[in-house]
Amino acid sequence: MPNESSPPQPRRFSLDWWLAPRRVLLGLLVVVLVVVMVSPEPDIGDGAALLSTHATDAYGARGLYRVAERLGWPVQRRTEWMRTKIDSNASYAILDPPLELTGGEVHNVLEAVRRGAGLLVVPSDGTPMADSLHVKIVTRFGTFGPTNDTSSDDVLLPDTARHAPSDSGGAERSDTSADDVAATMSRNYLDQNLSRTFIKPTRALPAGSETLYSVKTRKREWPSVLGIPMQRGRVVVVADANMLRNGILRRGDAGVMAVRSLEWLGAPRARPLVFDEYHHGFGQHGSMWQALRRGMFGTAAGRITTQILIAGLVLLLAASVRPIPPRNRVIVERRSPLEHVGALARAYEQIGATRVATRRLVHGLRRRHPLGRAMPDDEYLAMVGVRYPVAGAEVDAVKNALHAVVTPPQFAQVGEAIDTIERTIVK
């Protein structure tokens with residue numbers, strides 16, 4: 001016996017141990033769970049500040065959608081991407097989407113504008129849309145209101161008047177007093193702690209550009225809502241997304257500014273106003289599961305791989321432990337050889353088949369004592385009679401029973417004759 005005090009032997013993990021069905025299935029389940037947990041999901045924001053026309057809270061854009069609808073624009077929502085050709089007989093509103101447009105989508109949108117479409121856009125700085133429009137979105141923070149520091153360029157003052165076209169280096173307005181500023185603050189969308197955001201063009205604006213709303217410092221004036229003509233169409237760039245939110249549009253001047261921006265794109269009733277909702281997370285988007293399904297079932301290699309995986313799973317399920325024990329096979333007991341002999345004897349007796357029974361007895365004798373391979377029963381018995389003359393009478397009785405029907409007592413004598421012939425051969 002092994003010594004109980006001896007240390008336990010280390011367990012050897014063989015290949016069969018690793019390939020056990022239960023361990024393989026558990027490993028596949030763990031792999032699937034890990035893939036699902038680490039798969040990246042599209043970042044569409046936290047839902048609290050989406051400038052979407054479906055959002056009715058203070059941060060959404062349902063107010064702009066309803067205002068445009070009441071004023072005569074045939075408003076629509078687009079829930080498809082913009083990689084295909086876009087209709088130029090419409091105006092489009094792309095409002096600070098959390099899913100940025102790709103370079104190809106920006107190209108298609110601006111091509112539609114060049115053919116005559118309108119575009120109201122709230123771009124983020126550094127995105128393909130901002131780069132294509134040659135603008136930079138600048139945000140500065142500071143105390144809103146008059147200041148004694150005339151050298152500071154970080155304190156911005158609003159100017160709600162509609163400006164004529166001007167370049168980026170407009171002169172300072174000397175007629176703006178502190179009282180005017182305070183009155184403007186009371187009815188404008190900007191509060192004291194909000195960021196001041198404006199548009200800084202990265203190259204000369206085209207002829208016909210118009211500043212629809214501006215903010216200014218003590219030294220410079222910058223557009224915050226800028227209209228840019230683009231061949232046959234027009235673009236309105238809004239620097240601050242807060243200017244179009246529901247909570248801001250309720251404050252007089254912000255709503256007027258939004259409507260004036262839409263009017264600058266074209267006649268209200270001439271063409272539809274389409275709000276982009278696809279890049280706010282609505283519609284059918286690409287996902288890991290769609291890419292996996294397209295790869296596994298849409299390509300030849302993927303279909304072959306899928307068939308191999310299914311075959312492997314079927315093999316694992318067939319080899320693994322079954323949840324329900326299999327039913328035992330039903331075994332039908334057959335008759336023993338002795339029972340067969342008795343049944344045949346009764347059958348032969350009922351029809352008087354003595355010749356058939358004699359032939360069966362001779363075949364059994366030939367199987368146990370073969371004297372020739374291919375010869376009739378008569379020749380076999382004649383050979384036995386020649387080799388063993390002492391059994392001549394028994395051989396003649398068996399020959400007679402092969403060709404003539406005998407009585408039961410005579411058939412019993414045939415059986416005794418077969419037994420005598422076999423004992424003679426054995427001797």
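Is Asp96 buried, partly exposed or exposed? Asp96 is partly exposed, with a relative accessible area of 24%; buried means under 20% relative accessible area, exposed over 50%, and partly exposed in between, using a 1.4 Å probe and protein chains only.

This is a predicted model, in which local features need pLDDT of at least 70 and side-chain atom pairs count only at pLDDT 80 or more, while totals for chains, interfaces and linings use all residues. Residues are numbered from 1 along each chain as its sequence is written, and side-chain values use heavy atoms, with hydrogens and water left out.

## Overall content

The protein has 15 helices and ten strands. Helices (H or I, at least four residues) and strands (E, at least two) are DSSP runs, numbered from the N terminus. Of the 427 residues in the protein, 36% are buried. Contact means heavy atoms within 4.5 Å. Among contacts between residues at least 6 apart in sequence, 69% join residues at least 24 apart.

Two packed helices are described by the angle between their axes and the distance between the axes. Here axes are lines fitted to C-alpha atoms, for helices over the stretch in contact, and angles run from 0 to 180 degrees between N-to-C directions.

Helix α14 (residues 392–403) and helix α15 (residues 408–426) have axes that come within 9 Å and cross at roughly 135 degrees. That angle makes α14 oblique to α15; under 35 degrees counts as roughly parallel, over 145 as roughly antiparallel, 65 to 115 as roughly perpendicular and the rest as oblique. The crossing of α14 with α15 is left-handed, a term for the near helix being turned anticlockwise from the far one by less than a right angle, with clockwise giving right-handed. On the α14 side the contact involves Glu394, Val395, Ala397, Val398 and Ala401, and these meet Val414, Ala417, Ile418, Thr420 and Ile421 in α15. By class, the residues of this contact are eight nonpolar, one polar and one charged. Nonpolar covers Ala, Val, Leu, Ile, Met, Phe, Trp, Tyr, Cys and Pro, charged covers Asp, Glu, Lys and Arg, and the others, Gly among them, are polar.

Helix α14 also packs with helix α13 (residues 377–387), their axes coming within 10 Å and crossing at roughly 170 degrees. That makes α13 roughly antiparallel to α14. Asp377, Asp378, Leu381, Ala382, Val384 and Gly385 in α13 meet Val395, Val398, Lys399, Leu402 and His403 in α14. The α13 contact with α14 comprises six nonpolar, two polar and three charged residues.

The structure holds two aromatic pairs. In one of them, the rings of Phe198 and Trp222 have centres 5.2 Å apart and planes at 20 degrees, so the pair is stacked. Rings of Phe, Tyr and Trp (its six-membered ring) pair if their centres lie within 6.5 Å; planes under 30 degrees apart count as stacked, over 60 as edge-to-face and the rest as tilted. Phe198 belongs to strand β6 (residues 196–201) and Trp222 to strand β8 (residues 221–230), so the pair ties together parts that are 24 residues apart in sequence. Phe198 and Trp222 are both buried.

Ile199 is also placed in strand β6 and counts as buried, at 0% relative accessibility. Apart from residues up to four places away in sequence, Ile199 touches Val135, Lys136, Ile137, Trp222, Pro223, Ser224, Val225, Leu226, Val237 and Ala239.

Val225 is also among the residues touched by Ser261, together with Leu120, Leu212 and Val236, again not counting residues up to four places away in sequence. Ser261 is found in helix α8 (residues 252–265) and is buried, with a relative accessible area of 2%.

| Residue | Phi | Loop | Relative accessible area |
|---|---|---|---|
| Asp96 | about 45 degrees | between β2 (91–95) and α4 | 24% |
| His134 | about 60 degrees | between α5 (128–133) and β4 (135–140) | 28% |

His107 is in helix α4 (residues 103–114) and is partly exposed, with a relative accessible area of 47%.

Met296 lies in helix α9 (residues 288–297). Leaving aside neighbours within four places in sequence, Met296 is in contact with Gly302, Arg303, Thr305, Thr306 and Leu309. Met296 and Thr306 are ten residues apart in sequence and 6.3 Å apart in space, C-alpha to C-alpha.
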